[in-house]
Amino acid sequence: MINKKSPSVAAAVEDVFDGAVVMVGGFGASGSPIELIHALIDQGAKDLTLINNNTGNGEVGLAALIANGQVSKMICSFPRSSQSRVFPKLYREGKIELELVPQGTLAERIRAAGAGIPAFYTPTTVGTVLAEGKEQREFNGRSYVMEPWLEADFALVKCEVADPLGNLTYNKTARNFSPLMCMAATTTIVQTKHLVAAGDIDPEHVITPGIFVNRVVEVADPVHEDTLIAEGASYP
Amino acid sequence: MSTGWTREQMAARAALDIPDGSYVNLGIGIPELVTQFVPEGREFIYHTENGLLGMGPPPAEDERDLDLMNAGKKYVTTVPGASYFHHADSFSMIRGGHIDVCVLGTMQVAANGDIANWSTGAPDAIPAVGGAMDLVQGVRNIYVITQHTTKTGEPKLVEKCSYPLTGPGVVSRIYTNLAVIDVTPDGFQVVELAPGITFEEVEKSTGATILPAK
């Protein structure tokens, strides 16, 4: 019997190792798996490479993980936003590395890893500094830049409904990068608001098929990053 | 002396050029105002690259859904017929040429259509690109709405961008407070002047050769 249920967020992230590449779902606050990230702070793995669109906000979630000194490199498209303070400070002090990737290229590199495609050509960045040093090729008279896939050891993802087989649905724009990250990581760890029985999700409505998911942990009343920031919260 | 169009009038003028039934992506700032000026009898469908087609206006404060936001991370709503999708699908819509019009703000536009709107290139600046480079390469019509000059009076329409490019040769039309301007093989060309604005005023505020309206 396949059962991917994990008893707790702590158990779900206990094997994340020092130096691991970790994808974290979410676009800004929406879809950010706060409970899994805080469990990773408690767990303490260091020298992580994090992949997310942003670098977290305030002093909770992703920003707290970075502030705790556990992250040596960030791969993202937009490292500064109005509530982002931790990353900009460390970056200016030379204490964290940044690989800047355009948002669509970031998504496609993650998708490619999950799809078994080691590289692809895209028009994005042609003629800009972000294309410097990269292989370019012409197709039908137009230039394209080669981009490699982006794999990870772990993905931390938040979803709305999951079953024990790992079938997932999301809530609105909280979906963003998560289905792609589930495909691209060796071990995909999901926190779900509702854990239902197999068969309770209509197969027509499954967004992430369970084959891409390794662990599911129920977090019935997840906190939202925006709420925590409005409260001025910090972690730990 | 006239200062030309207001932010709202610039957005309204841009909206006039968007055909009925267009799929439209709007940048942050003045472009967001386009939604308020959809011409009578037309319907635009708004795409926001974080994963929503059919974006509606901002919600009332007590009707916010924290999981429903736009690419600028502001809370939004959906219109009937909206859909959600992941980022790879969203950027397939962009890169695959499925979005008809993108309206962007900018720091600089050059006479050959180059646009620079993501970084000043300053050594202490933290580079942040988001979806800007995907949008300018993928969307068929790139329109720019911008004040004609910076707050300190420097031209934003220039011969060559001094800031790092977002994309080369991609802009087709520019709406400023002074005029509507096309990017043509011969460089900038005025299409229409704002009320009370002369061509000479536009020429004086532009950092490149500009041709008068035909």
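I started with A:Lys172, which counts as buried because it has 20 C-beta neighbours inside 10 Å. For the cut-offs, I noted that buried needs 20 or more other C-beta atoms within 10 Å of a residue's own, exposed means 12 or fewer, and partly exposed is in between, with C-beta atoms placed from the backbone.

This is a predicted model, where local features need pLDDT of at least 70, side-chain atom pairs count only at pLDDT 80 or more, and totals for chains, interfaces and linings use all residues. Residues are numbered from 1 along each chain as its sequence is written, while chains are lettered from A and ligands numbered from 1 in the order in which they are written.

Back to A:Lys172: its phi is near 50°, positive though the residue is not glycine. I found A:Lys172 in the loop between strand S9 (168–169) and helix H6 (178–184) of chain A. (Helices, H or I, at least four residues, and strands, E, at least two, are DSSP runs numbered from the N terminus.)

Next I checked A:Asn140, also not a glycine, with a positive phi of about 50°. Is A:Asn140 buried or exposed? A:Asn140 is exposed, with 5 other C-beta atoms within 10 Å.

Then I looked up a cis peptide bond, which joins A:Tyr235 and A:Pro236 with omega about 0°.

Last, I turned to chain B, where an open sheet of three strands runs S7-S6-S9 with mixed pairing. S7 (115–116) and S9 (157–158) of chain B are at the edges with a single partner strand each, so one side of each has no neighbour in the sheet. Pairing takes at least two DSSP bridges between two strands.
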